[in-house]
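Let's take a friendly walk through a protein model, one piece at a time. Keep the picture beside you and look up each part as we reach it.

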Amino acid sequence: MSVVVGAGVVGASVAYHQARRGAPVTLIDRAPAPATGVTGASFARIGGRGGHWPGGAEDLRGSVLADYRRLEAELPDLAVRRSGSLRWDGAPVGAELGVGRFRVGADGIRALEPGLREPPEWAVHTPSDGGVDAVAVTGALVRAARGLGARTVLGVAGAALETVGGSVAGVTSSAGFHPASTVVLAAGTEVCELLAPLGLEVPIEASPARLVRLTAPSGLVRAIVAGPEFEVREVRAGRLLMTVPPTSSSAGALRHLQAAFHGADGCRVLDTRVSARPVPAGGPLVGHLTPDGSVYVAVMHSAVTLAPTVGRLVARELVTGEGADELCRCRPEGRVPRDGG
Ligand SMILES: Cc1cc2nc3c(=O)[nH]c(=O)nc-3n(C[C@H](O)[C@H](O)[C@H](O)COP(=O)(O)OP(=O)(O)OC[C@H]3O[C@@H](n4cnc5c(N)ncnc54)[C@H](O)[C@@H]3O)c2cc1C
């Protein structure tokens, strides 16, 4: 029996994949609904090409798009918008572009993104990039996990690891004691606090980023468009997501959008939120933290992209007991001092 703490996209994926393998699993979160943490404020671009893939993320990137395709087949209410991306935010050009990424000039950019007022001289086009609604994906995973027999305990207070005879035996919370042979910590930046009573310090930085949600005419933005000042995409008809630096304002984001696109004058900011992204030093942190196997950690940046792959691999290793080779560069060994010192 395992207990997963954190019903963000990572915990939801771990719970779903365990339930799919027929393993008993309880998913716990202090919030009354899934995806109220960083996942609920994510830009949620997914892609396996280009970008920065620190540490063990490099070994997972090749599976990202296939795992999303598999999930779309398994969960009918989960959908990926395969819009491709156009970047001119300092992305590399020429030979370093790699497979599946193309340099396009101003005419090509105009054809792909007709709403842009002044296309740059060139941009990098990655047709395989896409995006999801991270809240919808997490909700779909949690519903499917429940349908497969997982228990969900949401809206609890005071979740803490319960130690018996030197081993973690489960999680206590306002909803009682939840026994577990393994507790999976998928609580993002707050994994550090949950581990403090064990004297374990995990190297997870909280990196702020701002998301702005806006209304817009359908189809105003076609691809994922990333310039030096902002990144924008349509998440569904009439709704845009933008990321800007945390120090920028939502009004500033709207000004950037209106300056960049024809037809954006009527766009309106719905809301904005700055969230602390969990960024483990050295890339994804995934694996057993205690020698007895009672505590397992699953924390990473770009987790919307990586969660389907990581959830599949974590569930496989927890259920079969066989370590997944793909995760070997994500392990806590050598990154988390065992004695907290
Ligand atoms: C503006 C922005 C843009 C981003 N863009 C992208 C992108 O384009 N692509 C991408 O892949 N990623 C992106 N990310 C990063 C991505 O959103 C995160 O990596 C991901 O959401 C982390 O998911 P998580 O499940 O680890 O954490 P969370 O979603 O934070 O989930 C952790 C859960 O644990 C719960 N919890 C915490 N402590 C406790 C406790 N003590 N007891 C009970 N429950 C607890 C919380 O309530 C929360 O629900 C972006 C993030 C931001 C903010």
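## Starting at a sheet edge

Let's begin with a pair of strands: E18 and strand E19 (residues 295-299) run antiparallel and are joined by 4 bridges. Within this pair, Leu285 has Val299 of E19 as its bridge partner. Two words need explaining. Helices (H or I, at least four residues) and strands (E, at least two) are DSSP runs, numbered from the N terminus. Two strands pair if DSSP finds at least two bridges between them.

Before going further, two notes on the model. It is a predicted model, in which local features need pLDDT of at least 70, side-chain atom pairs count only at pLDDT 80 or more, and totals for chains, interfaces and linings use all residues. Residues are numbered from 1 along each chain, as its sequence is written.

## The six-stranded sheet

Which sheet do E18 and E19 belong to? They sit in an open sheet of 6 strands, ordered E8-E2-E1-E12-E19-E18, with mixed pairing. Strand E8 (151-154) and strand E18 (285-288) are its edge strands, each pairing on one side only. On average, neighbouring strands here are turned by 15° against each other, direction ignored. Such angles use axes that are lines fitted to C-alpha atoms, for helices over the stretch in contact, and they run from 0 to 180 degrees between N-to-C directions.

## The eight-stranded sheet

A second open sheet has 8 strands in the order E5-E6-E4-E14-E15-E16-E13-E17, and its pairing is mixed. Its edge strands are strand E5 (102-105) and E17, each of which pairs on one side only. Neighbouring strands of this sheet are turned by 25° against each other on average, direction ignored. Helix H7 (residues 250-260) packs on the sheet, where H7 touches E13, strand E15 (231-236), strand E16 (239-244) and E17. The direction of H7 makes about 110° with that of E16. Contact here is between residues whose C-beta atoms, placed from the backbone, lie within 7 Å.

## Hairpins to look for

A hairpin of 4 residues joins E14 to E15. E15 then forms a hairpin with E16, with 2 residues between them, and Gly238 in the turn has a positive phi of about 85°. E15 and E16 pair in the antiparallel sense over 5 bridges, and Glu231 has Thr243 as its bridge partner in E16.

Another hairpin has 2 residues between E9 and E10, and Gly165 there takes a positive phi near 55°. Strand E9 (residues 160-164) and strand E10 (residues 167-173) run antiparallel, joined by 5 bridges.

Helix H3 (residues 64-74) packs against H8 at an angle of about 80°, with the axes 8 Å apart. That makes H3 roughly perpendicular to H8, a term used for angles of 65 to 115 degrees. From H3, Val64, Asp67, Tyr68 and Leu71 make the contact, and from H8, Thr305, Leu306, Pro308, Thr309 and Arg312. By class, this contact has 5 nonpolar, 2 polar and 2 charged residues. Ala, Val, Leu, Ile, Met, Phe, Trp, Tyr, Cys and Pro count as nonpolar, Asp, Glu, Lys and Arg as charged, and the others, Gly among them, as polar.

## Domains and the ligand

The protein is divided into domain 1 (2-76 + 133-203 + 281-330) and domain 2 (85-127 + 206-278), with bounds from an automatic or database domain assignment. Their centres, taken over C-alpha atoms, are separated by 29 Å. In total, 13 residues of domain 1 are in contact with 21 residues of domain 2.

Where does the ligand lie? Domain 1 and domain 2 both give residues to the shell around the ligand, so it lies between them. The ligand is surrounded by 39 residues, and the closest are Gly6, Gly8, Gly37, Ser42 and Ala303; a residue is near if its C-beta atom, placed from the backbone, lies within 6 Å. The shell has 20 nonpolar, 13 polar and 6 charged residues. Elements that each supply at least two residues of the shell include helix H1 (9-20), strand E13 (204-215) and helix H8 (303-320).

Methods. Two residues are in contact if their C-beta atoms, placed from the backbone, lie within 7 Å. Angles under 35 degrees count as roughly parallel, over 145 as roughly antiparallel, 65 to 115 as roughly perpendicular and the rest as oblique.
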